[in-house]
Amino acid sequence: MKEKIYDVAIIGAGAAGMASALEIASTGARVVVIDREPHLGGILLQCIHNGFGLHLFKEELTGPEYAERFISEIKRKDIDILLNSTATRMAVFQTIKQINVCSSEHGVFKVNAKAIVLAMGCRERNRGNLGIPGTRPAGIFTAGLAQRLLNIDGYLPGKRVVIVGSGDIGLIMARRLTWTGAEVLGVVEILPYPSGLTRNIVQCLYDYDIPLYLSHVITKIEGRDRVEAVEVTPLENGIPNQSKSFRIECDTLLFSVGLVPENELTQSAGIKINPETGGPIVDARLMTSAEGVFACGNVLHVHDLVDWVSQEAQLCGKEVVAFLEGKTRDETQGRVSVGANLKYVIPNKYRLKTKNRFSMRALVVQDKATLMIKQGERVVKRLPLRHVKPAEMFHVEIKSEDLDEVYENGEPLPLQFSLE
Amino acid sequence: MNIKEKIYDVAVIGAGCCGASIVRKLSAYDLSVVLLEKCVDIGFGVSKANSGIIHAGFHHPVTSLKARLEIRGNLMFDQLHYELNFPFKRIGIIVAAFSIEEMKTVEHLYAQGIANGVPRLEVCSRERILSLEPQLNPDVVGGLFAPTGGIVEPYRYVFALVESAEKNGVEVKKNFTVWRGVRKEDYWMIESKEGEFVKAKYVVNSAGLYADEVSKAFNAEEFKIIPRKGEEFLLQRNARGLPSHVIFPVPGKHTKGVLVIPTVEGTLMVGPTAEEIEDKEDLSTTYQNLEKVFVQATYMVPKISRREIITSFAGLRPTLPSNDFYIEPSKKQPNFIQVAGIQSPGLTASPAIGEYVKDILKNCGLKLIEKTDYDPYLPKPVKVRELSFEELERLIESDPRYGNIVCRCETVSEAEIIEAIRKGHTTLDGIKFYTRAGMGLCQGAFCSYRILKIIAREVGIPIEKITKRGGDSWIIYKRLQDIDLNQ
């Protein structure tokens, strides 16, 4: 049986995996990055549009350019890279963590490590998850698959396209398909507001006169062999009004209806999942319920900008290093609780002695909101926000001096987040 | 002899579970047999949407042909599984009763089952049934337990039957849509819509939903197949509420009701609905039925969550007004055997139907001489997902393509995809049903492009020619280099 031994094994070589690998390897730890694709960079390589790196590099890059910044640095470092290699199973023992890896080139082997970073990213929700009625013809794709087919493989999936959901990938694909000569006949969004970034609505739809049907749903897919048409129905007071349904004849349907963290491997190791995010529950160190197993990026919670993924992964890398050095072993942490109008707050715990950084999403669309953070009855922070919406994640930092060292049943008081 | 001049002993129309069972049975004898299928692949009609339940045999009265063949078929599955290695497990069936009135029906089912000869059937108290199946709603008052019930993967079952038949000399013609049968001196001339001809001394009509049209095309009996649609919902592996038995409600007048089925591959299926329709191609699903199915399923097993749905699909049961199977020689035409109205428990009965039709053919004068070199066995197909670390290590050493995991959700390797293509499954759906690639959580979002490339390479066709399931179900419109943007 073949075994390889490392300090840290990172599963996934996308934005999260690469940034955490660089952070950890800079301390001299022995790091391996495992990925199923034949290249580093993950999904970034199929995102050939620009808009990446504005926060991290203060310039506008395409996906491959953004990835290249990390890839070139990884290649300069002493980091082992296993490509075309699928992690099929994970087991967590007291001190050692074990991953089964399978590949054509290296066969099947076990990777033993003191710590693991989960950086597998996410997958797209699809037609099946939504239970959209109608037939099941060819011509139904997730937006990401269509993007991959077009940008990497060079195949145009169809010529008359309707896009379901106004997620960012769908919007980007509306423009991309138009450029390739396909006709995009509309984007159908169930919510009264778009789910993608405002800049994408403007640059990808409005600039090309592509209709955006807000508060509309697909009520039927037609076509026996290939998609022939969809029935679109407006929602009135939240209920589809069938008397106002209309048909759009098309041969292709793209779904851009949200992303789900890919945690089947995580669950196979018995790690606890947060039903709100679909990612693992993590403490202030970004460590999952399994000692020594960390998570960052879209596998933890779905981000809307890759810059935030890289940032979270760098932070995660630092935590892994601190863990390997035994610095964070006996730290006191308090619970984070999610209150009104918030979907989730990551991480799920906070620490008293150092700075804390939280990422969160609102459940409401609102101008002039206030983020309230309380420890018991005491207000720790009151942060005014110009505009909040579920599509845009926001962050907050809390300094240790703002926190009281008050305990309840031996634990620090829960830190309560709410949006007013 | 010119191939066009060849006269087969038997032509079987329709490569569903019945047609497949019949040709496999006949392949044990010294006969020339051809299986004719209108679809691009076998099992692509009624059988592919089957719930995959091997019924125990208590649902139908002893007087029916259904009950006889169901019991006999059920008993044959262990031997078939041993010979053909398709996924099959006898996990047992539970009928859950939620009132005293329903318990009366349970008693009736018990009596019916005993009369039919169902082994080890038991009536259960509330305590007994909850200890058997803790996932049941605690409001249950009792029920029926049939340990001989089981589950099977229906497409792998049909594929295995046909593979075994082919191994023993049966020929298979796909894309052969029968439109006319003309009686010549002592044989049938069968013409296809695609313009092909097949001659055969005996013809078996096991054309599923189209058995009525095929019968008409041969000038045989006139009857009408009524499609009864069933919608099903598939939930992910390790779904909450996953029971360890197939759970039935107490049946209604015409249907067995909405079931909760732990599939043989570890996923959870709920359904089917039952709705008589006109259109034999209507495989659409509706919101209303999703609602209905989940209300009924969660009543029996409360933990089932629609958040865990992977996909939904619909199938059509080919029913006759009699509600029984119609298996007999035509009274109007010679050497033409009708196998029609094979709805539930058709899959369970199918091995027995194969045997029964063989006997009918014998009575009609077909000479049956056992082959001396008949080989009933198929090797166990390799599935990377089920291998131990050491087994996989050895396998990859012999063929590195077993190490290339193409479908991450179901852990299917490149070698398994190639195996499916070599066996003649060259559409995306054919490969999906054969290997499970694309059947998991991402529904092909991560593996479709990989599979398309493997098909193109192995079959030697351009990617635009690959289909989802034959016909006009193309997947890729054009390659970028072939697009003229100046047009």
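Arg24(B) is found in helix 1 (residues 17–26) of chain B, where helices (H or I, at least four residues) are DSSP runs numbered from the N terminus. The model is predicted, so local features need pLDDT of at least 70 and side-chain atom pairs count only at pLDDT 80 or more, while totals for chains, interfaces and linings use all residues. Residues are numbered from 1 along each chain as its sequence is written, chains are lettered from A and ligands numbered from 1 in the order in which they are written, and side-chain values use heavy atoms, with hydrogens and water left out.

With a relative accessibility of 8%, Arg24(B) counts as buried; buried means under 20% relative accessible area, exposed over 50%, and partly exposed in between (1.4 Å probe, protein chains only). Leaving aside residues up to four places away in sequence, Arg24(B) touches Leu80(B), Glu83(B), Leu84(B), Leu161(B), Ser164(B), Ala165(B), Tyr374(B) and Pro376(B), a contact being heavy atoms within 4.5 Å.

Attention now turns to charged pairs. A salt bridge is a side-chain nitrogen of Lys or Arg within 4 Å of a carboxyl oxygen of Asp or Glu, and by this rule there are 64 salt bridges over all chains. In chain A, Lys244(A) and Glu236(A) form one at 2.7 Å, N to O. Lys244(A) is partly exposed at 47% relative accessibility, and Glu236(A) is partly exposed at 30%. A further salt bridge links Asp283(A) to Arg285(A), with the closest N and O atoms 2.9 Å apart. Here Asp283(A) is buried at 11% relative accessible area, and Arg285(A) is buried at 10%.

In chain B, the side chains of Glu355(B) and Arg72(B) meet in a salt bridge of 2.9 Å, N to O. Glu355(B) lies in helix 8 (residues 346–363) of chain B and Arg72(B) in helix 2 (residues 65–84) of chain B, so this pair ties together parts that are 283 residues apart in sequence. Glu355(B) is buried, at 17%, whereas Arg72(B) is partly exposed, at 38%. Elsewhere, salt bridges that share partners join Glu153(B), Arg237(B), Glu265(B), Lys383(B), Arg385(B), Glu386(B), Glu410(B) and Arg436(B) into one network.

The two chains also meet each other. Their contact takes 57 residues from chain B and 54 residues from chain A. Chain B and chain A bury about 4500 Å² between them, 57% of it on carbon and sulfur atoms; buried area is the accessible area (1.4 Å probe) that two parts lose on being put together, summed over both. Across this interface the rule finds 4 salt bridges. Glu37(A) forms a salt bridge with Arg450(B), the closest N and O atoms being 3.1 Å apart.

Helices pack between the chains as well: helix 4 (residues 143–153) of chain A and helix 12 (residues 448–460) of chain B have axes 10 Å apart, at an angle of about 50 degrees. Axes are lines fitted to C-alpha atoms, for helices over the stretch in contact, and angles run from 0 to 180 degrees between N-to-C directions. The two helices are therefore oblique to each other, since angles under 35 degrees count as roughly parallel, over 145 as roughly antiparallel, 65 to 115 as roughly perpendicular and the rest as oblique. Leu145(A), Arg148(A), Leu149(A) and Asp153(A) in helix 4 of chain A meet Ser448(B), Tyr449(B), Leu452(B) and Lys453(B) in helix 12 of chain B.
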